[in-house]
Amino acid sequence: SSGINAEWPLRPGNIEKKCDPVEIHKLQIEELKAEVEHNKNERAETQKIYETEMNRLDNIKSKCNFQKKTWENKVQKGREALLKNEANCINTRLSCRKELFEKDLLLKRLVIDTKRCEKNIPELTASLPLLEKMIKE
């Protein structure tokens, strides 16, 4: 047994205070109005907090999007510059190879001409007296 007498409310002799049901309803309505007003105020405060936080987060998001766009543009410009430099590098290599090949051919030609001159100079030097003699005659 829980210590509460189950027969207590049923005992004859209990004095119960009776209230007018209309007054009870009026009091309940007043309590509900006060609760509704409290909830409205609480909701308005919560809405303000929510809006403030959403504005703050929107500002952060906007800043992040701006920074992202800025960096994407910088990266794109960097990629374009890289492609341009790679193309220039390839073109420079090709032109240098062509120049080197042409200079190599020229150098080989000079070597051949030098050997021919080295061979012909003694013969020409030897034939000089003969030529001078022919000119005098």
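**Helix, salt bridges and cysteines**

Modeller: At 46% relative accessibility, Arg116 counts as partly exposed. Please keep in mind throughout that this is a predicted model.

Biologist: How many salt bridges does the structure hold?

Modeller: The pairs include Arg56 with Glu53 and Lys68 with Glu72. Counted over the structure, the number of salt bridges is six.

Biologist: How far apart are the closest N and O atoms of Arg56 and Glu53?

Modeller: Arg56 and Glu53 are three residues apart in helix α1, which means that about one helical turn separates them. Arg56 is partly exposed, with a relative accessible area of 43%, and Glu53 also counts as partly exposed, at 34% relative accessibility. The two residues form a salt bridge in which the closest N and O atoms are separated by 2.6 Å.

Biologist: What is the distance between the closest N and O atoms in the salt bridge of Lys68 with Glu72?

Modeller: Lys68 and Glu72 are four residues apart in helix α1, so they too are separated by about one helical turn. Lys68 counts as exposed because its relative accessibility is 51%, whereas Glu72, at 39%, counts as partly exposed. A salt bridge needs a nitrogen within 4 Å of a carboxyl oxygen, and for Lys68 and Glu72 the closest N and O atoms lie at 3.8 Å.

Biologist: Over the face of which residue does Lys74 lie?

Modeller: Lys74 is placed 4.5 Å from a ring centre, although a search of the whole structure finds zero aromatic pairs. The residue whose face lies under Lys74 is Trp71.

Biologist: How many disulfides are there?

Modeller: A disulfide is a covalent bond between the sulfur atoms of two cysteines. To be counted, the two sulfur atoms must lie within 2.5 Å of each other. By this rule the number of disulfides is zero.

Biologist: Why is Cys89 in no disulfide, and how far away is the nearest cysteine sulfur?

Modeller: The nearest cysteine sulfur to that of Cys89 belongs to Cys96, and the separation is too far for a bond. Cys89 is partly exposed, with a relative accessible area of 35%, and Cys96 counts as partly exposed at 41% relative accessibility. The distance from Cys89 to that nearest sulfur is 9.5 Å.

Biologist: What percentage of the residues of the protein chain count as buried?

Modeller: The secondary structure of the chain comes to one helix and zero strands. The chain exposes about 13,700 Å², and carbon and sulfur atoms supply 60% of that area. Of the 137 residues, the share that count as buried is 0%.

Biologist: What is the area of the nonpolar surface patch that includes Met54?

Modeller: Met54 lies in helix α1, which covers residues 21-136, and counts as partly exposed because its relative accessibility is 34%. Together with Tyr50, Leu57 and Ile60, Met54 makes a nonpolar surface patch of about 350 Å².

Definitions and conventions
Residues numbered from 1 in each chain as written. Predicted model: local features only at pLDDT ≥ 70, side-chain atom pairs only at ≥ 80, totals over all residues. Heavy atoms only, no water. Patch = residues over 30% accessible without salt bridge, like charges linked within 9 Å, V, L, I, M, F, W, Y side chains within 5 Å. Areas by Shrake-Rupley, 256 points an atom, 1.4 Å probe, with all protein chains shown as cover. Salt bridge = Lys/Arg side-chain N within 4 Å of Asp/Glu carboxyl O. Helix = DSSP H or I, 4+ residues; strand = E, 2+ residues; numbered from the N terminus. Buried < 20%, exposed > 50% of the residue type's maximum accessible area, 1.4 Å probe, protein only. Phe/Tyr/Trp six-rings, centres within 6.5 Å; stacked < 30°, edge-to-face > 60°. Lys NZ or Arg CZ within 6 Å of the ring centre and 35° of its normal.
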